[in-house]
Amino acid sequence: MTLKNRLDEYKIALWYYINRFHTIDRHKAVFCNYNGKGFGCNPKYIALEMLKRDSGWDIVWVVKEDKYKFPEGIRTVKWDSKEAIYELATAAVWVDNQRKLWYHRKRKKQFFIETWHGGAETLKKIGADNPANFDNKPYEHTSYPIWIKL
């Protein structure tokens, strides 16, 4: 990783801290698929079900490119833009099919739903179920409001 890339990451982390002064919107959910690669996988179907139920949620999707099609009712923001950072910092719920990067900082009153999946014959150990994550501080910041060793 180059110095410029690392400095860019620190700049993004700083924006997360600045946006923590904004109130969390209890009716906003931010979705992402493979770090901004389109509209798909499990997060897509959760968002579509929320739209179908007309639940009153503000649904925001974070994408790297504008080439993807989204249904009416889903707003999009560009990956790691100031707008995306604001949306993540103020959303009550994050839904993603993989864990966030170290500089994505979830707040204590936010919920992060990881929709990782595996085949029927295997169960992946993620989050607190994975012993490798017990002392992983960056993972703690995105995954759990309270880190508990089981």
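Student: What should I know before I start?

Tutor: Residues are numbered from 1 along each chain as its sequence is written. The model is predicted, so local features need pLDDT of at least 70 and side-chain atom pairs count only at pLDDT 80 or more, while totals for chains, interfaces and linings use all residues, and side-chain values use heavy atoms, leaving out hydrogens and water.

Student: How many helices and strands does the chain have?

Tutor: Helices (H or I, at least four residues) and strands (E, at least two) are DSSP runs, numbered from the N terminus. Here there are four helices and five strands, and along the sequence they follow the pattern α-β-α-β-β-α-β-β-α.

Student: How do I describe two packed helices?

Tutor: You give the angle between their axes and the distance between the axes. Axes are lines fitted to C-alpha atoms, for helices over the stretch in contact, and angles run from 0 to 180 degrees between N-to-C directions. Take α1 (residues 3-19) and α3 (residues 82-90): their axes come within 9 Å and cross at roughly 45°.

Student: What do we call that orientation of α1 and α3?

Tutor: Under 35 degrees is roughly parallel, over 145 roughly antiparallel, 65 to 115 roughly perpendicular, and the rest oblique. So α1 and α3 are oblique to each other.

Student: Which residues of α1 and α3 meet?

Tutor: Contact means heavy atoms within 4.5 Å. From α1 come I12, W15, Y16 and N19, and they meet K82, I85, Y86, L88 and A89 in α3. By class, that's seven nonpolar, one polar and one charged residues. (Nonpolar covers Ala, Val, Leu, Ile, Met, Phe, Trp, Tyr, Cys and Pro; charged covers Asp, Glu, Lys and Arg; the others, Gly among them, are polar.)

Student: Is K28 buried or exposed?

Tutor: Buried means under 20% relative accessible area, exposed over 50%, and partly exposed in between (1.4 Å probe, protein chains only). K28 sits in strand β1 (residues 25-32) and counts as buried because its relative accessibility is 4%. Leaving aside residues up to four places away in sequence, K28 touches several others, including W57, D58, Y86 and E87.

Student: And K67, buried or exposed?

Tutor: K67 has a relative accessible area of 57%, so K67 is exposed. You'll find K67 in the loop between β2 (58-63) and β3 (74-78). Its C-alpha atom is 8.2 Å from that of G38, 29 residues apart along the chain.
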